[in-house]
Amino acid sequence: MTAGVRRLGYGALICLPPVLIALDVGASTFPGGTTIPWHPVMVDLDVYRLAGQVLLDGGNFYQLPGPLQFLYPPFAALLAVPLAVLPLALVQVAWTVAGALMIVAVLHRWGQTGWRLSLWSAAVAYAVLPVSQTFAFGQLGILLVALVALDLAPGPRVLPGKRLLPEGVLTGVAAALKLTPMIFVLYLLAVRRWRAALTATISAGACTVLAAVILPGASLDFWGRLAHGDTGLGGSLIYYTNQSVYADFARVFRLAPLGTALGLAACAVVVVLGVWAAAVWHRAGEVRFAVALCGVASLLASPVSWLHHFVWIVPLAFSLVELTRQRMTKSPMSGPTSSIREASSMSRAKPVLPTWLIVLGWLFVGWVVVSPYRRLPNGGDLELQWTAGQHLLAAVTAILGIALLIAAIVVGRQIRPDQAPAAFDK
């Protein structure tokens, strides 16, 4: 047996538990869905398939029959066409398996290997609510996180050797599928990764232009509506599972113009905070933590961030684990002959988070996973009738997230330049 075959078999064994868990979670989470016999209720994947079919039939995929609409850019509709022409069960299984493999790839990039990688990936698929709901909805949130994380975060690679695509390409594709990853272009500019920022921008632009050439009418419709502030969601922006900063203002001000203006201004502030926090930690050499912080900011700053969009808490959590481990293992050398080596080691030591910031980070992750606000009255615009206390409970996600970004900036700015590593894996 060759080394390549053994490596492939070992990788398959690592991936098997998270794949099986994802298939079970994806099929059985929502009422009416079953794993055996295979009968999931993947409502978002059904929308993608329907949009692809309507496109093939020459119809308007932004006016689908039924209550759920296709809200993504036209480029995403092009990619939905294969989902429409393949058998339903095959698409459901392949989509879920791909999502599980992306979770494995992201955790591998964040330093997990062997049986730990397998068990952690399975645990994430089962127990982390945004991830399990993404599988159940058949949503593309995991894909977006994986595209950006595997593009920009340093670390071990599934395929040994140099990267297959220039840095920025996958981020640009993610931005063409959904606009929120464009915040990472600002992050790349802030850390002076000019080529990667330009590559991401060109990649996103090329995908968008391609869609405009093939679907000129739909492209004009989508970008025209977006320019006028129409997201296509209407009043559903106030739904309790929308945990963005904008949604909190929309609920409190009952969709009044003042609330809209304040919400958009708050989103802009969050973008600045997120890019700032990411840039600070990037310069400190903690690039994985920087990317995770920027991902959190993209969720808080987007006008629409449903609970199942918060997949970015996974790389954030593993960044916290990594930084906690650094803090626990960092200890000065001892002995009369070690002073020079100790000084050199300490000057090159990676920065670590103080305990209070680690606690704050885990509070945010834990809050998202548990999501106590799900017990609030909801549906039928009941969110507009909440008390002040209920509004506050629904806003805890944004409060903790913004506090985490501000705290990361404060702590990161205290790191001296000589404390940052001289180089890190790009």
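**Around the ring cluster**

Modeller: Let's start with Phe 222, which is buried at a relative accessible area of 6% (buried is under 20%, exposed over 50%, partly exposed in between, with a 1.4 Å probe and protein chains only). Mind that this is a predicted model, where local features need pLDDT of at least 70 and side-chain atom pairs count only at pLDDT 80 or more, while totals for chains, interfaces and linings use all residues. Residues are numbered from 1 along each chain as its sequence is written, and side-chain values use heavy atoms, with hydrogens and water left out.

Now the rings. The count comes to 14 aromatic pairs, where rings of Phe, Tyr and Trp (its six-membered ring) pair if their centres lie within 6.5 Å, and planes under 30 degrees apart are stacked, over 60 edge-to-face, the rest tilted. One of them joins Phe 61 and Tyr 62: their planes sit at 50° with the centres 4.7 Å apart, so this pair is tilted. Both partners are buried, Phe 61 at 2% relative accessibility and Tyr 62 at 8%. Tyr 62 also pairs with Phe 222, this time stacked, at 5.7 Å centre to centre and 20° between the planes. Tyr 62 belongs to the loop between helix 2 (43-56) and helix 3 (74-85), and Phe 222 to helix 11 (residues 216-227), so the pair ties together parts 160 residues apart in sequence. (Helices here are DSSP runs of H or I with at least four residues, and strands are E runs of at least two, numbered from the N terminus.)

Zoom out a bit and you get a cluster: ring pairs link Tyr 48, Phe 61, Tyr 62, Phe 70, Tyr 72, Trp 95, Phe 222 and Trp 223.

On to the cysteines. There are 0 disulfides, taking one as a pair of cysteine sulfur atoms within 2.5 Å. Cys 267 is in none, and the nearest cysteine sulfur, in Cys 294, is 14 Å away. Seen from Cys 294, Cys 267 is its closest partner, and 14 Å is too far for a bond. Cys 267 is buried at 6% relative accessible area, and Cys 294 is buried at 0%.

On a 1 Å grid over the protein atoms alone, a cavity is a set of points where a 1.4 Å probe fits but cannot get out, a pocket is an open set with protein on both sides within 12 Å along at least five of seven lines, and lining residues have an atom within 4 Å of a point. Grid points join across faces, edges and corners, and a volume is the space filled by probe spheres on the points. The whole structure has 3 cavities of 30 Å³ or more, and the largest cavity is about 180 Å³. Its lining has 18 residues, with Leu 144, Lys 178, Thr 180, Leu 299 and Trp 312 nearest the centre. Helix 7 (141-152) and helix 14 (287-301) each supply at least two of the lining residues, and helix 7 has the largest share, 4 residues.
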